[in-house]
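Reader: I have a structure on my screen and want to learn how to read it. Where do we begin?

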Amino acid sequence: MKKYTLYKLGTIIRKYRSIAGLTQEDLGELIECDKNTIGRIERGETDCRLTTIIRLAEGMNISLSRLVKDLETFHMDQYSATIDYDFLRLFHYCRQLSPEQFNNICNTAHIYVKSNERKQ
């Protein structure tokens with residue numbers, strides 16, 4: 001059971017690192033940790049101290065409670081389709097848009113939702 005927990009934690013850390021747009025090397029530099037260690041953590045090959053997990057969360061700009069919540073609700077078969085993951089990917093994308101582009105996307109989404117409400 002411990003090995004599966006380490007695998008889940010590693011998968012969650014990999015997800016948030018990717019969302020943050022960081023490589024293992026980037027994250028390692030931010031938290032003063034070897035990139036190979038981050039790789040082993042992400043693959044679930046090593047147990048790490050709580051202080052390391054806290055530093056990882058801070059380096060990816062997320063809360064420790066977010067990591068724990070994801071660990072508690074982790075389901076491998078539904079993982080990539082979770083609402084939180086999709087929302088975070090969208091947020092990461094939208095941060096790169098100009099206000100005008102963001103407004104256009106919001107208007108398009110609003111029109112899409114309204115048209116689907118009529119069909120139901």
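Author: With pockets. A pocket is an open set of grid points with protein on both sides within 12 Å along at least five of seven lines, and its lining residues have an atom within 4 Å of a point. Keep in mind that this is a predicted model.

Reader: How is empty space found at all?

Author: Rolling a probe the size of a water molecule over the atoms shows where empty space is left. Here, the largest pocket has a volume of about 220 Å³.

Reader: How many residues line the largest pocket, and which lie nearest its centre?

Author: Ten residues line it. Nearest the centre are Ile-19, Met-60, Asn-61, Phe-91 and Arg-95.

Reader: Which element supplies the largest share of the lining?

Author: α6, with three residues. Both α1 and α6 (83-94) give at least two residues each. By class, the lining has seven nonpolar, two polar and one charged residues.

Reader: Now helices. At what angle do the axes of α1 and α5 cross?

Author: Roughly 130°. The axes of α1 (residues 2-19) and α5 (residues 64-73) come within 10 Å. The crossing of α1 past α5 is right-handed.

Reader: Which residues meet there?

Author: From α1 come Thr-5, Lys-8, Leu-9, Ile-12, Ile-13, Lys-15 and Tyr-16. They meet Arg-66, Leu-67, Asp-70 and Leu-71 of α5. Sorted by class, this contact has six nonpolar, one polar and four charged residues.

Notes
Residues are numbered from 1 along each chain as its sequence is written. This is a predicted model: local features need pLDDT of at least 70, side-chain atom pairs count only at pLDDT 80 or more; totals for chains, interfaces and linings use all residues. Side-chain values use heavy atoms; hydrogens and water are left out. Axes are lines fitted to C-alpha atoms, for helices over the stretch in contact, and angles run from 0 to 180 degrees between N-to-C directions. Helices (H or I, at least four residues) and strands (E, at least two) are DSSP runs, numbered from the N terminus. A crossing is left-handed if the near helix is turned anticlockwise from the far one by less than a right angle, and right-handed if clockwise. Contact means heavy atoms within 4.5 Å. Ala, Val, Leu, Ile, Met, Phe, Trp, Tyr, Cys and Pro count as nonpolar, Asp, Glu, Lys and Arg as charged, and the others, Gly among them, as polar. On a 1 Å grid over the protein atoms alone, a cavity is a set of points where a 1.4 Å probe fits but cannot get out, and a pocket is an open set with protein on both sides within 12 Å along at least five of seven lines; lining residues have an atom within 4 Å of a point. Grid points are joined across faces, edges and corners, and a volume is the space filled by probe spheres set on the points.
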